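Student: Could you take me through the aromatic rings of this structure, slowly and with care? I would like to understand how the pairs are described.

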There are 2 protein chains.
Amino acid sequence: MGKYSIGVDFGTLSGRAVVVDVSSGKIAAQAVKNYTHGVMDKELPGGAKLGRDWALQHPMDYLEVFYEAIPEALKMSGIDGRDVIGVSVDFTACTMLPLDKNHMPLCFLEEFKNEPHAYVKLWKHHAAQEQANRLNETARSRGEAFLDRYGGRISSEWLVPKIMQILEEAPEVYEKSAVFAEAADWVTFMLCGSFIRNACTAGYKALWSKREGYPSKSFFKALDARLENLVEEKLGGRIEPTGRRAGFLSREMAGRLGLGSDVAVAVANVDAHVSLPAVGITEPGKLLMIIGTSTCDILLGTEEKSVEGMCGVVEDGVIEGFYGYEAGQSCVGDHFDWFAANCVPGHMHEEAERAGMDIQACLTDKAARYLPGESGLLALDWFNGNRSVLVDADLSGLMLGMTLRTRPEELYRALIEATAYGQRMIIEAFEASGVPVEELYACGGISWKNRLMMQIYADVMNRPIRISASSQTPALGAAMFGAVAAGKARGGYDSITDCAKVMGGVSETYYPIPENVRVYNALYAEYSKLHDFFGRGGNDVMKRLRAIRTENGHA
Amino acid sequence: MGKYSIGVDFGTLSGRAVVVDVSSGKIAAQAVKNYTHGVMDKELPGGAKLGRDWALQHPMDYLEVFYEAIPEALKMSGIDGRDVIGVSVDFTACTMLPLDKNHMPLCFLEEFKNEPHAYVKLWKHHAAQEQANRLNETARSRGEAFLDRYGGRISSEWLVPKIMQILEEAPEVYEKSAVFAEAADWVTFMLCGSFIRNACTAGYKALWSKREGYPSKSFFKALDARLENLVEEKLGGRIEPTGRRAGFLSREMAGRLGLGSDVAVAVANVDAHVSLPAVGITEPGKLLMIIGTSTCDILLGTEEKSVEGMCGVVEDGVIEGFYGYEAGQSCVGDHFDWFAANCVPGHMHEEAERAGMDIQACLTDKAARYLPGESGLLALDWFNGNRSVLVDADLSGLMLGMTLRTRPEELYRALIEATAYGQRMIIEAFEASGVPVEELYACGGISWKNRLMMQIYADVMNRPIRISASSQTPALGAAMFGAVAAGKARGGYDSITDCAKVMGGVSETYYPIPENVRVYNALYAEYSKLHDFFGRGGNDVMKRLRAIRTENGHA
């Protein structure tokens, strides 16, 4: 009989379990469980109101994914639960929650069930911006070296600002918390009974590094005297690289899931980072773009370099033995969704409907009939600010070159091209800092659905782009780490590199077309000029427009 | 019995006759005649094919306007034809045609009826661009002073390039032509039998000035040896300021139209320029914006100044005794039409339909709910290049400040605001050159229909804007010049100034709102920076994008 591994991918609205054949990487079956409470951004189940920019989740929803999706997927696959050798999760991050000394979520306690701060703060909980601003100021004024590992800025989405918010707004929750945990690590604890922190979230979200550890006591004290001993008091737990084994499935959980109790449980992982081996990457020089509403770029390097505007560099953070670099674009698919919702004339909607096409497929079809440079348009992809390389949320979009003959599909194509130029900026920033980028890989829904976009990316980047063979790249990646946790002796693999050769891979490759490359080089030169002019202080009109809007009382 | 004057406004697709009470300026009746041949831009009636960018008309269509619209309007008014004291026309310009020595159009001759160059070249005949380029080069290299009167550039729409095209492409038509006439002057000749050239088109379109006359023989010779004696040979006819009398209605025409033969016929005029007295302007410092698909600005001054990017300055060209300045924006209403056709989502079209509203009225309604600065958007109004002050057809549109929350009506409002900023640029250019602009007036369809736009204009310009009382401003203006041609002794007026006090005028006035002025001053400062940066060589990206488009074989 074959051996199988189970990967569980925890997304923003649901969790997905996949059962994967470890000899091929083929998904035998999968099942999705939508979170019962979804994203709580207005109120708690008991009625307690939430503030603006809040986004909470209920930890019980995650356990339901285990309890329902795993057995369902197993059943659909028709395999024997005893043939499963490993299980592993990947999660959104930083998605964090406070636990008591028994590693139980505080929100499970009667006394805290109506206290918002006792629940899970989802990655997109943005209510700790004020805390993040203070953290950044303090770190800058103290010249904290850790800032360099995060492109000079700590996001409000990360662990410490979220903890600061709890401390300041609900000190009794802070007091009662024995552990502030990533949800990824907590659900892994629930599988195997060992609380291990994964090096990926510790590094990218909790300011930890293998060589330097966490920031110093004096730094935390400078933030707030009560935080001086945060690390010792509330960030306990061994930190392990991804790919290691966290433990074995607990007897109780094994019974509940219909699995054996000798199933290896891997150290948890993050949805983007876990995808690298799933497309076959376990070595430096190959950049993976996870393309969705935004794009996350992951790249391995052999040294720690400071790269302008990256989101983080973490030793052992992606694949043990390498430095994992993360960068990204804050708005990619979101541009196209915005355009489709706001800028497409009625007659084109009707045309799409008659043809039985999605409106974006219809727009893409029309846009594909243009050659590079034909529209005379150029855009800046900053509708949601710029994450890498400028790290500036106050930038906004730009489009130029319009004439009375400009058609909607040309504007749409210009937005696609703009995201490609933004991606090339990131690649050039890596290369300028001595982190080589030799090959490009892509995964995520858009990479499968939008052939025009992938060809434009290949042409703009002048590199072949290899597309993930699996449409469930993160879940497959998680299953692969499960197989590595099991080890070769139990039918898995002894390293993620060995595993990736068999279970990971790509399907299609898009090759650059030389005549397109030539035109796009010229257009990219124009993009670069505008990027630097509007992004590096040549004309701060975007910031001033934002200020004018705010001064006049508009949000 | 009251006295009446008839104005005939020759537009691009039709001619309109209005019968106006000279004691009040009230329109008693009006009638429209669509041109039988419309705009001929593909072929002649006999089948001869036309080239790209051609636009011809048939001179018989203009006579049909006299023969049908005047009697119809008279009949509708119920007045006695003997109470009409004057008649006058205004026309698009430069709309020109070749005549034989009897002032008959060459296209009426059997031998030329299939020769495109024998027909009327409409103002928007753009096929003489190559000739215009050569003319500009020659004038520049010879340091011809007349260029200064035209903002440094002669348009391909004007008389001399059109004549050059005839000479080069149909020398036999050139040879046979005894007179190259403005259609305005030819139809006036058909009314009264005197061929008088009006100073308005002679000045604005034929490079003539009261003090310098036409360009020199040596200049014309430098263009083409065959043109050396163009002025003496083919530009004969006395040049008279508008407001003068060209003659009296011929007996034959009077009979045909049902009028007396003592009806005074005024020197012809141009649609924009004729409108000034119709809104009550006959003195310096009051700028009239004729707002349509594009905007034409007319302003009187007491001296000849060189103003950056104006379209022309002509002594006696608008009101005798003053220098008439013309400037303009090449794209105004066209922006909004483009937006409505290309960028409005289906659901908004449905909403407008349910409310029984025009889509632009619906967009305007929604846009009016925003405050200045609220959208955070800023645009450059160059979708059809920039006429004044940059005189650069190769510029293109720009929009910046977009976020994922930007709504279509905000983009629409930003386009309206951009045209207002462009208008303010023109006003500031006049003032910087010592031509004062104290009051603003507006006429044209948009000034009546779009209250939001007029309020934005008042706020951006920080000046009250007075709106023409008549919705048929040019036709009313023509009728007024007819009343002046008749003179006070016959029941009319001895001067256009006296006439304008009675027959011209405004209805509504839009006043600037101080808090809006404050915000728009800040936004205009941003517009100015972008205007100068992209329009004066800071970054010629728009030209380079156009070049990239052309190099790659796209038109």
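Tutor: Let us begin with one pair of residues in this predicted model: A:Tyr150 and A:Trp158 are both buried. A pair of aromatic rings is described by the distance of the centres and the angle of the planes. A search of the whole structure finds 41 aromatic pairs over all chains, and in the pair formed by A:Tyr150 and A:Trp158 the ring centres are 5.3 Å apart while the planes stand at 65°, so this pair is edge-to-face, given that an angle over 60 degrees counts as such.

The rings of A:Tyr524 and A:Tyr527 give another arrangement, with centres 6.2 Å apart and planes at 20°, and because planes under 30 degrees apart count as stacked, that is the name for this pair. Both of these tyrosines belong to helix H19 of chain A, which covers residues 514–535, and they are 3 residues apart along it, about one turn of the helix. A:Tyr524 has a relative accessible area of 4% and is buried, and A:Tyr527, with a value of 1%, is buried too.

Rings can also be grouped into clusters, and one aromatic cluster is formed by A:Phe10, A:Tyr35, A:Tyr62, A:Phe66 and A:Phe91.

Finally, there are charges placed over rings: the charged end of A:Arg256 sits over the ring of A:Tyr67, at 3.6 Å from the ring centre, while the charged end of A:Arg466 sits over the ring of A:Tyr441, at 6.0 Å from its centre.

Methods
Residues numbered from 1 in each chain as written. Chains lettered and ligands numbered in written order. Predicted model: local features only at pLDDT ≥ 70, side-chain atom pairs only at ≥ 80, totals over all residues. Heavy atoms only, no water. Phe/Tyr/Trp six-rings, centres within 6.5 Å; stacked < 30°, edge-to-face > 60°. Buried < 20%, exposed > 50% of the residue type's maximum accessible area, 1.4 Å probe, protein only. Helix = DSSP H or I, 4+ residues; strand = E, 2+ residues; numbered from the N terminus. Lys NZ or Arg CZ within 6 Å of the ring centre and 35° of its normal.
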